[in-house]
Amino acid sequence: MTKFDRTILNKYFIMGSQNCKRNPADILLEAIEGGISSFQFREKGKGSLSGEDKVNLGKQLRRICKKHQISFIINDDIELAEVLDVDGIHVGQDDLPIEEVRRRFPDKFIGLSISNQQELENSSIALVDYVGAGPIFSTKTKKNAKEAVGIKWIQSIREQYPLLPIVGIGGIDQVNAKFVREAGADGVAVISAITEAANIHEAVKAL
Ligand SMILES: Cc1ncc(COP(=O)(O)OP(=O)(O)O)c(N)n1
Ligand SMILES: Cc1ncsc1CCOP(=O)(O)O
Ligand SMILES: [Mg+2]
């Protein structure tokens, strides 16, 4: 049983090998040293690994997170959630329905992507531990990402759900992160602001 604590959303690092110009394990270690609060393994999109290679990388990154007591969240891949004994699972609107994820994983924490009011109204928010709100700003990292919704989307969710843990995602960097938090988010979820940084320790600290 992994107890969910909203502070893990503070600096939520997301990465797969397709985001890395060098060894993913080294990047994750440096990000942990810099002060990330959680990690999502998102092996997805052009250049990503599959099959045994994906599992092996997942195991390596899982071990690193366990050693440093950093929450490990799997993106989309329910089968790998079991193999890697993850702490949490993140799914979006086009993934396995949240009711099914909760039924299969009563004791893990679950995050759900919410990009607009319709998705918010049609989702069983009571079943999730947190929501990923975005894309807040435009992103070059995810092809076919939805339209950027701006920080007003965070304000809107916060008004409707005063206690719901929220993490902003999409185009967030060291300059705009503070606006996301000021709008009511518990934290920021980032890929390129860390993976593309020349100095990963400094990049995480500055978020
Ligand atoms: C924290 C967080 N928020 C949102 C997402 C996006 O999830 P989804 O909409 O399912 O898109 P993919 O990441 O699966 O391409 C996320 N991964 N993490
Ligand atoms: C996975 C995902 N979901 C919405 S935007 C996004 C990509 C975020 O990447 P970046 O932090 O580099 O904009
Ligand atoms: Mg998904």
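A molecule counts as sitting in a pocket if more than half of its atoms lie within 2 Å of the pocket's grid points. Keep that in mind as you work through this predicted model.

**Exercise 1.** Find out where ligand 2 sits.

*Solution.* Start with the test above and apply it to ligand 2: the ligand sits in the largest pocket. Now sort the lining by class: you get 15 nonpolar, 17 polar and 10 charged residues. Finally, look at which element gives the largest share: that's strand 6, with three residues.

**Exercise 2.** Work out which residues surround ligand 2 and which polar contacts they make with its oxygen atoms.

*Solution.* First, list the shell: Arg42, Thr139, Thr141, Lys142, Ile169, Gly170, Gly171, Val190, Ile191 and Ser192. By class, that's three nonpolar, five polar and two charged residues. Then go looking for N or O pairs within 3.5 Å. Thr141 brings a polar side-chain atom to 2.4 Å from a ligand oxygen. Ser192 also uses its side chain, with an N or O atom 2.5 Å from an oxygen of ligand 2. Gly171 uses a polar backbone atom instead, at 2.8 Å from a ligand oxygen. Last, check the cover: on its own ligand 2 has 370 Å² of accessible area, and the protein covers 92% of that.

**Exercise 3.** Describe the second largest pocket.

*Solution.* Begin with its space, about 380 Å³. Then take the 13 lining residues, of which Lys44, Gly45, Lys46, Thr141 and Lys143 lie nearest the centre. Sorting the lining gives one nonpolar, five polar and seven charged residues.

Conventions
Residues numbered from 1 in each chain as written. Chains lettered and ligands numbered in written order. Predicted model: local features only at pLDDT ≥ 70, side-chain atom pairs only at ≥ 80, totals over all residues. Heavy atoms only, no water. Helix = DSSP H or I, 4+ residues; strand = E, 2+ residues; numbered from the N terminus. Nonpolar A, V, L, I, M, F, W, Y, C, P; charged D, E, K, R; others polar. 1 Å grid on protein atoms, 1.4 Å probe; cavity = no way out; pocket = protein on both sides within 12 Å on 5 of 7 lines; lining within 4 Å. Points joined across faces, edges and corners; volume = space filled by probe spheres on them. Near = heavy atom within 4 Å. Polar contact = N/O pair within 3.5 Å; in protein donor to acceptor, adjacent residues only side chain to side chain. Areas by Shrake-Rupley, 256 points an atom, 1.4 Å probe, with all protein chains shown as cover.
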